[in-house]
Amino acid sequence: MSRRRLIPFCALTLAGTVSACAATDTADLAEPAVAPEYVGIKTEALDDDLVNVFVALKGGQGTKDVERYAECAVSRYTLDRDYSFARHLRTNVTEEGGLWRGDAVYTISPTLPRGLMTIDAEVVAEACAQNGIPMV
């Protein structure tokens, strides 16, 4: 069972009125994060340009680290197929017994796809390597 819980977070203006409210993941507000231990990556082609990425890790900052890990995995997958870009479609994150799992779906393409959630695979792969995040 997931321990995630959303709590409202509201920003106040100088006048003291609420200007914006957003949900904040309490996993991000918990005790200081332990460096993530990357447990594994599995990729599954759903079509020529559609891939499902499964990742697992322990510790870290929960959802944020799971999403980063999946982006690293899809970047390597994209480059290995001589494509340059990926577009994020969805990510489901669960936590049980300290093990965080991610199930993410991306499209991959040789040219920049339409949409806001695009990934330049070369740039992301380089950042992952510099930050010690595995890609395979």
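Trainee: Which residue in S4 is the bridge partner of Val 34?

Mentor: In S4, Gly 60 is the bridge partner of Val 34. This is a predicted model, in which local features need pLDDT of at least 70, side-chain atom pairs count only at pLDDT 80 or more, and totals for chains, interfaces and linings use all residues. Residues are numbered from 1 along each chain as its sequence is written, and side-chain values use heavy atoms, without hydrogens and water.

Trainee: How many bridges pair S3 with S4, and in which sense?

Mentor: Strands (E, at least two residues) and helices (H or I, at least four) are DSSP runs numbered from the N terminus, and two strands pair if DSSP finds at least two bridges between them. Here S3 (residues 34–47) and S4 (residues 50–60) are antiparallel over 10 bridges, and a hairpin of two residues joins them. S4 also runs antiparallel to S6 (residues 99–109), through nine bridges; Phe 54 has Asp 103 in S6 as its bridge partner.

Trainee: Which residues touch the most other members of the largest nonpolar core?

Mentor: In soluble globular proteins, nonpolar side chains tend to be buried together. A core joins buried Ala, Val, Leu, Ile, Met, Phe, Trp, Tyr and Cys through side-chain atoms within 4.5 Å (buried: under 20% relative accessible area, 1.4 Å probe, protein chains only; exposed: over 50%; partly exposed: in between). Among its 23 residues, Val 51, Val 53, Val 55, Val 74 and Tyr 106 touch the most other members. S4, H1 (63–80), S5 (85–96), S6 and H2 (121–130) each supply at least two residues, and H1 gives the largest share, seven.
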